[in-house]
Amino acid sequence: MEQQLVEFLVEMDHRFYGLTRLDVKKMAYQLALKNNIKHPFTSNAADRAWFDLFIRRHKNKITIHKPMGTSFSRANGFNREAIGKFFDILEAEYDKHNFTADRVYNVDETGLTVVQSKIPHVVGLRGKRQVGVITAAERGSLVTVICCMSAGGSFIPPMMIFPRKNWTDTLMKGAPLGAIGKYHPSGWIQTEIFTERFDHFLAMTHPTAESPILLVLDGHNSHARNLDVIERARMNHVTIVSILPHTSHKTQPLDKTFMGSIKTYYSEYIRQWLRQSNRPLGPYDTAELFGKAYLQ
């Protein structure tokens with residue numbers, strides 16, 4: 001198991017996505033849980049002593065480096081060299097498998113609230129300095145939506161994650177056909193939730209050795225540092241390519257083609273609701289408005 005972890009660390013480093021000490025310790029903890037190994041670890045991560053000994057045991061293959069180069073902010077992270085590295089990795093995978101457009105997928109997530117993210121311009125009296133429109137009174141809680149689309153234009157039904165401690169099917173009233181709902185107190189995507197999303201993806205796409213799949217996603221911890229997803233991908237003929245840090249605002253396909261549009265439509269349906277309904281917009285209405293925007 002340690003040898004597999006070493007090989008994964010080397011592969012991630014090769015793909016310019018090197019893992020930190022904390023990442024490695026969390027993955028060791030995941031391995032221990034998955035394989036029912038007794039351990040003294042706390043706080044969902046291995047301890048410093050284990051990490052130091054792990055590096056010592058594999059010192060001929062791995063070591064700790066201080067990254068070189070400029071600060072990776074969005075401003076300087078998106079440059080010709082970084083993007084060139086990403087497309088070199090992408091091209092190498094295409095050469096291996098000759099993926100067709102309908103077998104290349106992108107996964108991305110976004111957040112929805114009951115407040116419009118994009119308020120449209122309105123027509124009013126010339127010279128008036130302040131123009132008001134009705135909006136929801138409170139920002140409310142964030143609902144995370146995970147979308148998936150192929151380069152050929154086909155969609156995998158989305159997943160919605162609600163900020164709740166308990167579940168009720170009423171939350172999914174009006175959601176897109178086939179969508180699945182999950183819950184977590186934060187409303188944010190979690191490692192185990194993305195694993196379930198990946199299982200759903202496999203069930204919908206049926207990858208095989210003769211028809212493998214390329215999946216492009218960002219480097220969120222629930223994606224790139226999720227041992228269960230990595231193992232499932234290897235077993236089910238799915239190649240995962242991670243977008244380089246601080247470049248997803250330009251290179252994430254769904255960000256560039258889908259998320260902006262769906263938020264515009266979602267905001268418009270909120271505006272219509274507030275004009276036509278006699279009750280405040282609540283969390284049980286989110287899926288219905290999102291469902292309309294998703295179809296549009």
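A residue is called buried when its relative accessible area is under 20%, exposed when it is over 50%, and partly exposed in between, using a 1.4 Å probe and protein chains only. The structure is a predicted model, in which local features need pLDDT of at least 70, side-chain atom pairs count only at pLDDT 80 or more, and totals for chains, interfaces and linings use all residues. Residues are numbered from 1 along each chain as its sequence is written, and side-chain values use heavy atoms, with hydrogens and water left out.

**Overall make-up**

- The chain holds 11 helices and six strands; helices (H or I, at least four residues) and strands (E, at least two) are DSSP runs, numbered from the N terminus.
- Of its 296 residues, 43% count as buried.
- Among contacts (heavy atoms within 4.5 Å) between residues at least 6 apart in sequence, 69% join residues at least 24 apart.
- Thr113 and Tyr266 are 153 residues apart in sequence, and their C-alpha atoms are 9.8 Å apart in space.
- Thr113 belongs to the loop between β1 (104-112) and β2 (143-150), and Thr113 is buried, with a relative accessible area of 13%.

**Salt bridges**

- Side chains of opposite charge can pair when their charged atoms come close.
- A salt bridge is a side-chain nitrogen of Lys or Arg within 4 Å of a carboxyl oxygen of Asp or Glu, and a search of the whole structure finds 10 of them.
- Arg48 is exposed at 54% relative accessible area, whereas Asp52 is partly exposed at 30%.
- Lys173 and Glu288 form another salt bridge, at 3.0 Å from N to O. This pair links distant parts of the chain, 115 residues apart: Lys173 is in the loop between β3 (155-163) and β4 (180-184), and Glu288 is in helix α11 (residues 286-295). Lys173 is partly exposed at 41% relative accessibility, and Glu288 is partly exposed at 25%.
- Glu268 and Arg271 meet in a salt bridge at 2.7 Å from N to O. Both are in helix α10 (residues 253-276), three residues apart, about one turn of the helix. Glu268 is partly exposed at 25% relative accessibility, and Arg271 is partly exposed with a relative accessible area of 25%.

**Helix packing**

- Helix α2 (residues 21-34) and helix α8 (residues 227-235) pack at an angle of about 70°, with their axes 10 Å apart. Axes are lines fitted to C-alpha atoms, for helices over the stretch in contact, and angles run from 0 to 180 degrees between N-to-C directions.
- The angle makes α2 roughly perpendicular to α8; under 35 degrees counts as roughly parallel, over 145 as roughly antiparallel, 65 to 115 as roughly perpendicular and the rest as oblique.
- Met27, Gln30, Leu31 and Lys34 of α2 make this contact with Leu227, Asp228, Ile230 and Glu231 of α8.
- By class, the contact of α2 with α8 has four nonpolar, one polar and three charged residues. Ala, Val, Leu, Ile, Met, Phe, Trp, Tyr, Cys and Pro count as nonpolar, Asp, Glu, Lys and Arg as charged, and the others, Gly among them, as polar.
- The axes of helix α1 (residues 2-14) and α3 come within 11 Å and cross at roughly 80°, and the two helices are therefore roughly perpendicular to each other.
- The contact of α1 with α3 involves Glu2, Leu5, Val6 and Leu9 of α1 and Trp50, Phe54 and Arg57 of α3. These residues divide into five nonpolar, no polar and two charged.

**Positive phi values**

- Most residues other than glycine have a negative phi, and most peptide bonds are trans.
- His206 has a positive phi, near 50°. His206 is placed in the loop between α6 and β5 (213-217) and is exposed at 57% relative accessibility.
- His237 also has a positive phi, near 65°. His237 is found in the loop between α8 and β6 (238-242) and is partly exposed, with a relative accessible area of 35%.
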